[in-house]
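Welcome to this structure! Here are some notes to read alongside it, taken point by point.

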Amino acid sequence: DGGAGGGAGGSSKAQSLAVGFVAEPANLDFTSTEGAAIPQALLVNVYEGLVKLGQDGRIVPLLAEKWDVSADRRTYTFTLRENVKFTGGAPFTADDVVFSLDRVRTDWKLKIKSQLDVIDTVTKKDDSTAVVTLKRPSNGFLYSMATRLGAMFSRTGVADLANKPVGTGPYALSSWRRGDSIQLDANPSYWGTKPPLSSITLKYFKDATAMNNALLTGGIDVISSVQAPESLQQFADPGRFQTVEGTTNGEVVLSMNNGRPPFDDKKVRQAVRHAIDHKALLDTAWAGRGQLIGSMVPPTDPWYEDRTGDYPYDPAKAKELLGGKTYTVKMRVPNLPYAVNSAQVVKSQLAQVGITAEIEPLEFPARWLDQVFTKGDYDLSIINHVEPRDLGIFADGSYYFGYDNLEFGKLLAAADEGTEQQQADDLKQAAKLLSDDAAADWLFLFPNLIVAKKGVTGLPENAIAESFDFTALAKQQ
Amino acid sequence: MRGRANAGLLVGGTLVGLVVLAALVSFFWTPHDPTFVDAARKLREPGGGYPLGADKFGRDTFSQLMVGARTTLYVGVVAVGIAALVGTPLGVVAGMTPRGWLSELIMRVNDLVFAFPALLLAVMLGAVYGPGTLTAMIAIGVATVPAFARVARAATLQVMVTDYILAARAAGRRRPGIAVRHVLPNIGSVLIVQASVSFAIAILAEAALSFLGFGTRPPVPSWGRMLQESQELLFSTPRLALWPGLAIALAVLGFNLLGDGLRDFLDPKLRRIRAER
Amino acid sequence: MLSVEGLTVRADGVELVRDVSFAVAPGERVGLIGESGSGKSLTALSLMGLLPEGVTASGRARLGERDLVGVPERRLKALRGRELAMVFQEPMTALNPLMRIGAQVAEVMTLHGRPRQEARRRAVELLERVRLPEPAQLARAYPHQLSGGQRQRVMLAIALANGPELLICDEPTTALDVTVQKQMLELIAEVAPALLFITHDLAVVASVCERVLVMYGGRVVESGPIREVFTRPRHRYTQGLLAASRLTPRGTRLPAIAGSVPPAGRFPGGCVFRNRCPHATSACEASPALRGDGHAFACWHPA
Amino acid sequence: MTLYLVRRLAVLIASAAVAAVAVFAFMALLPGDPAEIALGVNATPEAVAELRRQFGTDRPPVAQFLDWSGGLLQGDFGTSYVTSAPIGPQISDRLGVTAVLVLGGMVVALVLAVPLGTFAAVHHRDPLGAVVSAASQVGIAIPAFLAGILLVFVFAVRAQALPSGGYVPFADDPGEWLRGLLLPWLSLGLVQGAVLTRYVRSAVLDVMREDYLRTARAKGRGRTGALWRHGLRNASVPVVTVLGLQLATLLIGAVVVERVFVIPGLGDLLLNGVAGRDLLLVQGVVMVLVAAVLLINFVVDVAYRVLDPRLR
Amino acid sequence: MPSPAGTPPEPPSSGPGDGPAEAGTTQPLIEVRGLNRVYRRPRASLTRPGAAVHALRDVSLTVRRGERFGIVGESGSGKSTLLRLLCALDQPTSGSIRFDGQEITGRPERRLRFLRENLQIVFQDPMSSLDPRMRVRDLVAEPLTALGLPAGDRVAELLEGVGLPADAAERYPHQFSGGQRQRIAIARALAPRPKVLVADEPVSALDVSVRGQILNLLADLADDLGLTLVFVSHDLSVVRHVCETVAVMSGGEIVESGPVDDVWAAPAHPYTRALLEAVPTLEGFA
Ligand SMILES: Nc1ncnc2c1ncn2[C@@H]1O[C@H](COP(=O)(O)OP(=O)(O)OP(=O)(O)O)[C@@H](O)[C@H]1O
Ligand SMILES: Nc1ncnc2c1ncn2[C@@H]1O[C@H](COP(=O)(O)OP(=O)(O)OP(=O)(O)O)[C@@H](O)[C@H]1O
Ligand SMILES: [Mg+2]
Ligand SMILES: [Mg+2]
């Protein structure tokens, strides 16, 4: 069965697969354009870093065969793989490492580039050895190197990043039909194990139902992320479909504006946490798919602790905390399915304790970013914070949460500089602090829901990295 | 008023009456709070106080339909209201001075606005002011102005060449008096027909906008959004799509039949002046 | 040649024309007069088989040997435009606005089997025959480019194209000016074979026809040779009509028939004229029959 | 006629010019600065200022308008701030898709409506005519997207006979192209066909009452013959107007069907542009749509005159 | 628009409209001098301007107080155009119209009150000249309400005067027959007690049987109220029955005028002769 929905070459002998996605990239340049869509498609598949994040959350080698860390934990010496070539033929050397990491500082336009501010110098020792020295020890450094920040660019391949990505990965961009699909073909000169598929089509659907129908009718082989979990019953037939459910880094946060009344009052925030029946919320808003969490740490992070018991569902307690007062607040949520669904449940549950939340869905991303994220004009909001290891966002007092706790900031800084053990301990404590302060409420951990045709293998169970890793994807006959 | 009530008028009137009734009653009573989410009642089957069952949020479908009727009427009334209040005077003025520059200007602007269809305007307005029922209604209303202006103008032109207008002028009636006492009553039935047809179109447009996410925003119940939300359960719980779909179709059918019926009922002679879509 | 017996026309159970009988001999010119709403047009249309939807005719009407009422459309089709032709009242709307004049005239001939080329040529001849100026050019014009009188001539050309046995004209000159009317009447009188001429103008019928039928309330109330009927009307209605048609000198009062024609279905039973008739008595509650041959009338109190 | 054409053409051009101003002014109202949007929330102020300079959005609006409209005249819609791709080619690609979609839908509508509407008019007193009439009423009442969803459900998901969506360019595979368009055409065409059926019916009914149809029958044509030869062309005059109106609405209405069937058309491009705040793109798409509607109106007005000699 | 013929009223004998006056009709009430009305058709070509239609060419006439003045002519000869100008419902291209000594051309509506109170019109088609959405009461009262005059019992009085039952006031025009509708129109025209009644083919749309009723009514009213009558018809014999003076129009011009009996007996203009000959008659059927 030639399953590829693109139709183009769908029946050729070489194997290909079509994978359905929700958000299409606006362009292919993740050095200057925000959003998860670009790294999702390109990172690991087209661009590779020196290291990558394994399915278990550990950092594993990629373009670097190995790396050594100096005793003061400030110097990283990366030994590069031989015979790695960029598409187009240029060899990958330490010069490219220097070029790529310097470019982050000089050319990248995203705020997250500050994560690599910790780098002091990047130098080439020889063609296959690059040395990075840090200003101070940092646990986050290597992790950042596994994200898009660590992607390796060719010195001759950055002329038109928006349209012509040049990387070292197993796949290379073949064509892009804007508004429809991106096709990646296997890179014939790939240094590692050749991927099982000769080509992959990423098809984009704005409508969840349309994506479901496409899988049902053979238009695509995989739904990368189910947007309408209630519809999973359609794929219940194990003779035809398989469902993969894993975790993500995405905490669906009920953000409360700590910076203004009424949520500048810790008691009110705590009341909200008690007022919400998280189990019922998950069942109604997202068909029970996903995991309950009690703070800003997903279970795949080493410093995870189960904090779901901190604020058990207790409307009476919530009312008590409110002291008989009632509030009317603005709940401005992005117009995304999980947010709008959750908002309606939250509204009903808060109503039970005397908080009237007026839902105002805002167009995502533009209006939500503008109104809530940038201007901070909201009382309650709901958004899935998908970035990995993003506990730190609460440390920034100017962030839209308006949460400002010096102690929390200190814990985070210490964690980054300390040993791995210290890091874990500090972050556990930080997460507990957030929970106790009720800096926000954590509704649930967004599930990684993949549906695929029977016979498709190599699906990533957990979506904890920025990319959708196609390297192992294959199809049995 | 000549002509007998016909079957279309009867059926249309009944359907529209039902929508109005549901909307009115919903102000005072619905079986349940249509927006209250209750996990325990999720996808509850019809029966026992839930005549049409509950949706995935455990909200009572019947109550939502009732309140949705309100949204539907609200959309129609405001959109058609804007269109009629703006379009009719423009059309009458243009029709009463067919050769003047004012008339020319009105009709040119009219043609220009006509080039911005409702959906386009709604998307554009939605982009500026955020999507929502009011934005949608204004967009639909503005986009419907040209239809009213054209129909009003065509009908006014027909009225203006009659001898009774000459007679009124000979009797000493001035323009405003003629417009109010002779033109408006005589083009009234055409306008009523146009209004009911536009009403039906507005309902459809709102449904389409809700489907695209530019219409009524949650949690306010709207038939269009109910339909959109029920999509993912179309296979397992088709009734969730059935009821709002049926409600939209019947309401639109009702207004269309009412329009056709009124056309025949109010004045058989005016059949020739057709309402525009 | 044309014989009509007991022709009745109904719509929604209302009798609009009732029990009408008359005959037209070959070459004879018969007038049918009466006020608006008396059923003249319906009588004519039922002979053509062109009654509007929802209106039905019964009774018997024959043109030569062929039945006209109650026969299938297919048979009538063959007759219409060939043996039986009609000119309608409204010259402004009776022609297809999107088709050239010549084509519309030629159509009636091609329909009845004449080759296209010949029909075209003959169409121009016909236009000339009805005295239209520059017929060749006119054939290429559209109806809206012609005056009312010219259009009516085109209609006449169409009617005459296949040399019909009987021509029916339904108020062909009512919409025209007097001077134009005069020419048209002369033309009709000249070219018509047998003629059934409908009008409400008594003077017009007098100038064209030899015999006249007077209709009122869907019935023929009087019939006979023009000269007799107009000089010695027997029915009170005919008498009233004649009196009203003569304009007396200035300063004198004009005779008029009291009241007005009731709408269809509201005519009184018995003699249909009795509610407006100054001579009506209780005897008039019974329907009078059309009596007499030659000059016949249906009145209980004839003049 | 020449005079009319010249005058109408002048109106067309003037309208397009005014529309361009209106569209530009409207877009200027949109909240959000293209540079900020392009860079996202995490952008640095310096980068934003730099980008603004690059885009030229730091200049006065009038200069920006003149630039933009000047480009339009040469078919240049500018380069998107967000995707840094030239806009013109995108629009022309999408316009082709939408045009195929809309015209196909129109053909379906016409193929349905002309015979059905005529039938319903000719048999307006029979039960069968009433059935057609009632069916068209019901058809009008069904939103196009609902029709689309149901068609997908029946023909794609249940019967697995046709693809549920997606668009394959004709050049890639004509067969798949056709298969992929059948359901979208149907869902557009069924609903529009229902609307059109009613107009055809009333136009034919009107024509059937005309005197010249009686004249034709007096010449010896049968009912049907008279209607064919004399009626339909006359009936087509009002129907053409409606057709133009419909084509204009369809062009925009197709956006919903594009969404249901995942077809990369203009409507889809517009919605993406709005969602991504790709102002220049939105501006271009709106302009093209408006110009298309104006052009359709122009063609209809001219067609009207060609059809009817009285107006020439 | 100021009239170029701003000259004082000319002596009675010079204008073509001035025939030898009958006894008792002395003072001129309406004086029309050099009236022209050109309609311009929309242009049909780029190079040529639209064709001009001379609906009225240099028309002059005088109507005296109490006179019954007839105008005959064929369709398109300009009769209705002339009446529209007399009623100030349209503006002439040039020329002057004086009513009771006052110029009425070029005046705005608000300065025409004297004309509206003194000159009223009856149209040809009684159906289309009555607003179908108004009750007879409002129709008849319209000239009063429009001028801000009290209606009072005037409507009942008027209805009685034209021979309609009092309960007619509450009904709508379509509930009446053609003749009755024309009576309603006449009642309306008489409402402000005008001096002049202008009638544009008031009996052309009626059956002969009721034509007499309306003509009799008009004659009675003119006698009783001392009305001046301007009566338009395409039928010279009707004009002869009603009027003493006639003007014959053709192609926008008055081709002949004078006492109707003179014109009837000895038409001077060939067009008048043709008109007379064309009218079919019942003469010879005694
Ligand atoms: N289709 C119809 N349905 C019902 N009644 C009709 C229909 N056509 C005509 N009538 C009625 O039948 C009566 C006779 O109509 P007909 O047209 O024969 O009158 P007529 O003598 O020709 O009058 P006119 O001089 O106005 O043409 C009228 O009262 C008319 O209202
Ligand atoms: N509004 C107008 N625009 C252009 N031409 C006009 C207009 N009104 C009248 N005409 C033309 O002026 C001429 C005189 O018209 P008018 O109506 O005065 O004639 P009439 O004698 O009253 O004819 P009828 O007997 O048909 O009423 C005609 O040729 C007519 O076509
Ligand atoms: Mg008739
Ligand atoms: Mg006239």
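**Notes on the two ligand shells and the chain contacts**

1. Let us begin with ligand 1. There are 14 residues around ligand 1, and those that come nearest are C:S36, C:G37, C:K40, C:S41 and C:L42. Please keep in mind throughout that this is a predicted model.

2. An oxygen atom of ligand 1 lies 3.0 Å from a backbone N or O atom of C:K40, and an oxygen atom of the ligand lies 2.9 Å from a backbone N or O atom of C:L42. A side chain takes part too: an N or O atom in the side chain of C:E171 is 3.1 Å from an oxygen atom of ligand 1. Taken alone, ligand 1 exposes 630 Å², and the protein buries 66% of that.

3. Which helix gives the most to the shell around ligand 1? Look for helix α1 (residues 40-48) of chain C, which gives 3 residues. By class, the shell around ligand 1 has 6 nonpolar, 5 polar and 3 charged residues.

4. Now turn to ligand 2, in chain E's surroundings. Around ligand 2 there are 13 residues, and E:S75, E:G76, E:K79, E:S80 and E:T81 come nearest. A backbone N or O atom of E:G76 is 2.8 Å from an oxygen atom of ligand 2, while a polar backbone atom of E:G78 is 3.0 Å from an oxygen atom of this ligand. For E:T81, an N or O atom in the side chain lies 2.5 Å from an oxygen atom of ligand 2. Taken alone, ligand 2 exposes 640 Å², of which the protein buries 64%.

5. The elements that give two or more residues to the shell around ligand 2 are β2 (52-64) and α1 (79-86) of chain E. The largest share, 4 residues, comes from α1(E). This shell divides into 3 nonpolar, 6 polar and 4 charged residues.

6. Next, the chains themselves. Which chains have the most contacts between them, among the 7 pairs that touch? The pair is B and D. Here 47 residues of chain D are in contact with 38 residues of chain B. The area buried between these two chains is about 3800 Å², and carbon and sulfur atoms give 77% of it. Three residues, D:F26, D:F145 and D:L245, supply 15% of the area that chain D buries against chain B, more than any other three residues.

7. D:R198 forms a salt bridge with B:D260, with the closest N and O atoms 2.8 Å apart. The count of residue pairs in polar contact between chain D and chain B is 2, with both residues of a pair at pLDDT 80 or more.

8. Several helices build the side of chain D that touches chain B. Those that give two or more residues are α1 (2-29), α6 (127-141), α7 (144-158), α8 (174-208), α10 (223-261), α11 (266-275) and α12 (279-307) of chain D. The residues on this side of chain D divide into 35 nonpolar, 5 polar and 7 charged.

9. Chain B also touches chain A. The area buried between chain B and chain A is about 2100 Å², and carbon and sulfur atoms give 58% of it. How many salt bridges does the rule find across the interface of chain B and chain A? The rule finds 0, while the count of residue pairs in polar contact is 3, both residues being at pLDDT 80 or more. Helix α4 (residues 118-129) of chain B gives the largest share of the side of chain B that touches chain A, 3 residues. That side has 11 nonpolar, 5 polar and 6 charged residues.

10. Some pairs of chains do not touch. No contact joins chain A and chain C, and their closest C-alpha atoms lie 48 Å apart. Chain B and chain C have no contact either, with their closest C-alpha atoms 15 Å apart.

11. Two backbone details are worth a look. The peptide bond from A:P261 to A:P262 is cis, with omega near 0 degrees, and A:P262 is found in the loop between β12 (241-256) and α5 (266-275) of chain A. E:R193 is not a glycine, although its phi is positive, at about 50 degrees. E:R193 lies in the loop between α5 (178-190) and β7 (196-200) of chain E.

Notes. Residues are numbered from 1 along each chain as its sequence is written. Chains are lettered from A and ligands numbered from 1 in the order in which they are written. This is a predicted model: local features need pLDDT of at least 70, side-chain atom pairs count only at pLDDT 80 or more; totals for chains, interfaces and linings use all residues. Side-chain values use heavy atoms; hydrogens and water are left out. A residue is near a molecule or strand if one of its heavy atoms lies within 4 Å of it. A polar contact is a pair of N or O atoms within 3.5 Å; within protein, one must be able to donate a hydrogen and the other to accept it, and residues adjacent in sequence count only if both atoms are side-chain atoms. Accessible areas come from the Shrake-Rupley method with a 1.4 Å probe; for residues, only the protein chains shown count as cover. Ala, Val, Leu, Ile, Met, Phe, Trp, Tyr, Cys and Pro count as nonpolar, Asp, Glu, Lys and Arg as charged, and the others, Gly among them, as polar. Contact means heavy atoms within 4.5 Å. Buried area is the accessible area (1.4 Å probe) that two parts lose on being put together, summed over both. A salt bridge is a side-chain nitrogen of Lys or Arg within 4 Å of a carboxyl oxygen of Asp or Glu.
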